[in-house]
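Subject: Handover of a structure and the findings so far

Dear colleague,

Please find below the structure that I am passing on to you.

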Amino acid sequence: MPSFAAVAPNGGALVPLQQQGSDSSDSSTAAVLHTVYHRVQGAPRILVSWGHGNCLRLSYLQQQHKPENESNPNGLQPAVAKGNGGGKVVEIELGKKDENQTLAEKRRIAYASVQAFAYLQSQQLMQIEAPSRAYGTDWWQHVLEYSHSISSALGPSGAPPGSASDVSSDPSKARLICYYQLTTVKAIWDFLEVFYVDKNAASWLPERLVDWLASYDGVLSSATLFSKLANLQQKLLNLRFPEDDEEYWDGIASALAVGWLDIVVNLLRMHGSYQHDQIDNRAVENGLVETIAVLISKMPRLRPSLPPGSPGQAFNFKPEFTKAWERWRSQVAKLDASTYWGECNHPETLRGLKKLVKILLGSIDDLLAATSHWIELLVAHLLHVQPFSKVSEGLASYAIKCMESRTSSNIDESASTEDRLQELMLAILGDDTEVVIAECSRLFDPWFMAHMIELLTAKSKYAQTLLREEQHTLGGISLEELHRLFYSQVLSSHQLTWQLAPVYLSACPRQGLGMLETLLIKQPVSNSDRLALKALEVTRLYDLKAVATTIHRVVGVHHWKHGHKGAGIAWLQQAHDDSRLSAIADELLASYSSKISGCSLQNLEGLVELLGPELHAMQGLSFLHRYSEFKAGLQAIQQLRAKNPDPQKLADTGRQAADSLLQLLKPQVTPERFWLPILHDSVELLEWPEQPLLNVSETHLLLNRLQELLLSKVRGDLEGINPQDLTRLPLERVRLALATNLGRAMLQE
């Protein structure tokens, strides 16, 4: 998230502590969030934890003094006296506060840029997997689209005061510009795009620099042409005849030097000779002003097209531009030698127009006087002195000469001392990739470094080798991967941006997936099911099955420990954790065995439906699945009897229910306390009217279970069974049904 990195005075700490006496509030007088009253005995304690963002939360618990009267007749907690047993919670902000961008703005940029980054990585994977496929566009064009997306995420471009695209007079648009602060990050991003990405920019580089300067001249330093025009714009509101003011002509000359022709034409048309009461007396003067305005409006410009309403004539073909420029320059020279200058009676207008003509003719001294920054002088030199030269080579030497010219003239010595982007811009002009990386690392934050690398490697083989070659000093990773990992750590440190980190970690071939697994495992998924589902979605996208199993297990155990039994079992089932599911089944069965009555097996039917077929793998609750089948068989019998079905079909259904009953009463399947309810449910099967459903041996099994219950009652070792359930009336009905079925089975055999 773009901002200038905070440089610590003690040698560059990663997170420098905010110093006292800075612009923001003093850390020693941090506001108290709330007061804590406690009864913790012992020495004072300081608890440290992270707050929101980069805030460190400190909780100070004062020493608790033992009160004289601890007893209270009402049984109430004694009140804590003032200054006794209290505590304070404060927050200290780490690092220097960024005045240009808020945390919300940084998060907006992070979310807006991740989509463009992910799309570019997918395009790169497609070209790697299918290199012979015809994409119709070169790779640098994909990077150019990516660069435009990132630039638009950083906010709209600015415009010099008084230009056609200046929105300072429109309140609604001015508010938009105020929201998207013109930052140095956007200026350098677009500057890198011109020299490292756009191959077509080399053919009309001077005009590209004119456009870039028009957007970002105001962020270079405090003493630039942008500030001069802003002051002039305010001054013109109170001037009827601006030509009498020297600042008026200086502003026009400066705008003409850097190619802001729309501003020049607009300012010239504000000349006092255009007023109705002056045009008759100042005809020659007005004619000279209008002639220069027309010449500037027809100035040839080597660029594909011009914005609507912009002065000048665009030429995309260099030979045509050369011929048009020579014709236009001859007209300017003819005007310079005209005799009409002697008829101009206004000395300020005469000097100002002569200065404009000299700038159009490429006078070095006038260009030097009209510009305030070395990059402005460089653009003026390329426009008016060397419009035909191939400026892609040796541009850095031109820039150094411009810097030396301004330094020797002592015009902007104060401005040059505060130009913190000077070394970086010179490195970009000279295609010095190592210095560009070093300066960007010094000036900008991890967001810029993680995204800027794509621009450097768009069309430079050397930059690709430098940034993507594995470095042994970095643990076998490349510089490209290092910056992506660093930015991923920044994203992972905040709960609102951690979900963006997997996009960048997946682009790191060596250590990315390992850090992604660590990031997902360390998320507090047990606190929120929504967070757990989000983490599971990430594991699905990147095929991290082991991490998904761990997340399911952590959430399941958390739910179970906090009493959410159904949710806990559901999460553990998705984790396929058979050992924990079996332990939970045993614990759940023991809990139900000690709390519910013998006839309340129905309370477990909802749990049976939740667990489903997974019950077969759990020893503790496997009988519940069989009990569910047994109850379903009894219900099916009742439904069939109501419909008068085929006797054979009814007998088959009864036999299936009898088989489920026998499975339930096998040894070590059903706990003893559930035998009596099951035997009560089996009476309907034992009294089957058509034929006996259980043979002699099967009936003996049921009799043995009933006999074991009676012996346990005599011994007094009934566990989880209410003795009142073994009264005479319930037992007699079960005995009678068993005896009846046994006799019928013997007769049948």
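**Findings**

I678 lies in helix α30 (residues 675-681); helices here are DSSP runs of H or I with at least four residues, strands are runs of E with at least two, and both are numbered from the N terminus. Please note that this is a predicted model, in which local features need pLDDT of at least 70 and side-chain atom pairs count only at pLDDT 80 or more, while totals for chains, interfaces and linings use all residues. Residues are numbered from 1 along each chain as its sequence is written, and side-chain values use heavy atoms, with hydrogens and water left out.

I678 counts as buried because its relative accessibility is 0%. Buried means under 20% relative accessible area, exposed means over 50%, and partly exposed covers what lies in between (1.4 Å probe, protein chains only). I678 and L661 are separated by 17 residues in sequence, and their C-alpha atoms are 7.9 Å apart in space.

**The chain as a whole**

The protein chain contains 33 helices and six strands. Of its 749 residues, 46% count as buried. The chain exposes about 38300 Å², of which carbon and sulfur atoms supply 53%; such areas come from the Shrake-Rupley method with a 1.4 Å probe, and for residues only the protein chains shown count as cover. Among contacts between residues at least 6 apart in sequence, 66% join residues at least 24 apart, where contact means heavy atoms within 4.5 Å.

A nonpolar core is a set of buried Ala, Val, Leu, Ile, Met, Phe, Trp, Tyr and Cys residues joined through side-chain atoms within 4.5 Å. Which residues touch the most other members of the largest core? Of its 140 residues, they are L192, F195, W260, L268 and F448. Helix α4 (residues 184-197) gives the most to this core, namely ten residues. When neighbours within four places in sequence are set aside, L192 is in contact with V197, I428, V436, F448, M452, L455 and L456. Another core, of 30 residues, lies apart from it and has L634, A657, A658 and W675 among its members.

I188 is also placed in helix α4, and it is buried, with a relative accessible area of 0%. Not counting residues up to four places away in sequence, I188 touches L421, L424, M425, I428, F444 and F448. From I188 to Y216 there are 28 residues in sequence and 9.1 Å in space, C-alpha to C-alpha.

**Two helix pairs**

Two packed helices are described by the angle between their axes and the distance between the axes. The axes are lines fitted to C-alpha atoms, for helices over the stretch in contact, and the angles run from 0 to 180 degrees between N-to-C directions. Angles under 35 degrees count as roughly parallel, over 145 as roughly antiparallel, 65 to 115 as roughly perpendicular, and the rest as oblique.

α4 and helix α5 (residues 205-216) pack at about 175°, with their axes 10 Å apart. The two helices are therefore roughly antiparallel. On the α4 side, K186, A187, D190, F191, E193, V194 and F195 meet L205, R208, L209, W212 and Y216 of α5. By class, this contact has eight nonpolar, no polar and four charged residues; Ala, Val, Leu, Ile, Met, Phe, Trp, Tyr, Cys and Pro count as nonpolar, Asp, Glu, Lys and Arg as charged, and the others, Gly among them, as polar.

In the second pair, the axes of α20 (residues 479-492) and α22 (residues 512-521) come within 11 Å and cross at roughly 10°. α20 and α22 are therefore roughly parallel. E481, L485, Q489 and S492 of α20 make the contact with G512, M515 and L519 of α22.

E207 is found in helix α5. Is E207 buried or exposed? E207 counts as buried, because its relative accessibility is 6%. Beyond its neighbours within four places in sequence, E207 is in contact with R301, L302, R303 and L383. E698, in helix α32 (residues 696-715), is likewise buried, with a relative accessible area of 13%.

Helix α8 (residues 261-268) is mostly covered, with seven of its eight residues buried. Its cover includes α6, α7, α9, β5 and α11.

Yours sincerely
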